[in-house]
Structure formats: C-alpha cells, structure tokens
Amino acid sequence: MLTSNINQFMKDTEKAIKNEREKQESKAKEIIITAYDLIVNGSAVDTGLFKNSHIINYNTTNENIPTTINPASPLINKATVGAFPFKDNDFIVIQNNLKYADALEGGSSKQQPPALYGRTEQKIKSLLNQIIK
C-alpha cells in the first residue's frame, strides 16, 4: 500500500535526521570539552585560582567576578556540558572573570605564553576545519 510505504519512509527519514542531530550535538559537546581542557591545562598556576576559575556559559555571558573559589577544584564539571540542550544558533562562551585574567591573556605570566584563549581558539578552528573536510 502506497500510504503505508510513505509513512514508513517518513518515519525512517525522521529517525535518520534525529540520529544525525544527536551525532552533531555529541561532537559539539566534545569540542567544547576539548576547548575547556586546553584552557584549563594551559593556564598559569600560582595558587590554582586562575586555572579553576574558567567558566562555560550557554547562550549568555557572565560578568560576575567570582568571590569564593576553591583553588583546588574547577568551577565547571564537564558533565554540565552534557546537559546543554543544543539547538540551532546556540552558542557557548568560555571565560574567566578574575580581575587579572586579561593581564594573563596579555602576557603578564612568566609561566605561560600570552593569548591562552586566542591560541585555544586557533586550535579549535583547526579542529573544526578537519571535521568539516
């Protein structure tokens, strides 16, 4: 029956589209975690405060300056990224709002080269180009 075949085709198409979106969402989350890891692992460490003050924001930025941070543990649990319900045009912002974060990005650290966020952005762009090709 033609109607039955069309209905099955539509169901199969919807399933394939859903599977593809889930793959893309999984890849996006993987890239976010990679970027976060690059930033955290590339951070200068004195007390651990800067390294553990990077935050991931979903569809927003956060201008709050942290007042209480445990220098021994990061603010972000990577499982948090798994909870982001990605949709078209969503965006992620990774940032550090400590007062001296801009100075470190500009090169004031003797422990790391300048432009941690800039270098991470270039690595992620390169990774995305490899995925797209």
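## Surroundings of E105

E105 touches P114, A115, L116, Y117 and G118, leaving out residues up to four places away in sequence; contact here means heavy atoms within 4.5 Å. The model is predicted: local features need pLDDT of at least 70, side-chain atom pairs count only at pLDDT 80 or more, and totals for chains, interfaces and linings use all residues. Residues are numbered from 1 along each chain as its sequence is written, and side-chain values use heavy atoms, with hydrogens and water left out.

E105 lies in helix α3. Helices (H or I, at least four residues) and strands (E, at least two) are DSSP runs, numbered from the N terminus. Of its contacts, Y117 is 12 residues from E105 in sequence, and the two C-alpha atoms are 7.1 Å apart. E105 is partly exposed, at 23% relative accessible area. On this scale buried means under 20%, exposed over 50%, and partly exposed in between (1.4 Å probe, protein chains only).

## Nonpolar core

The largest nonpolar core has 17 residues. Such a core is a set of buried Ala, Val, Leu, Ile, Met, Phe, Trp, Tyr and Cys residues joined through side-chain atoms within 4.5 Å. Two or more core residues come from each of α1 (2-42), α3 (101-106) and α4 (116-132), and α1 gives the most, with 6 residues.

The residues with the most contacts inside this core are I32, Y36, F50, I56, V81, F84 and I94. Apart from neighbours within four places in sequence, I32 is in contact with I56, V81, F86, I92 and I94.

## Aromatic pairs

A search of the whole structure finds 2 aromatic pairs. Rings of Phe, Tyr and Trp (its six-membered ring) pair if their centres lie within 6.5 Å; planes under 30 degrees apart count as stacked, over 60 as edge-to-face and the rest as tilted. The rings of F50 and Y100 have centres 6.4 Å apart and planes at 40°, so this pair is tilted. F50 lies in the loop between α1 and β1 (54-58), and Y100 in the loop between β2 (92-96) and α3, so the pair ties together parts 50 residues apart in sequence. F50 is buried at 5% relative accessibility, whereas Y100 is partly exposed at 37%.

The rings of Y58 and F84 have centres 4.9 Å apart and planes at 10°, so this pair is stacked. Y58 lies in strand β1 and F84 in the loop between α2 (78-82) and β2, so parts 26 residues apart in sequence are tied together. F84 is buried, with a relative accessible area of 10%.
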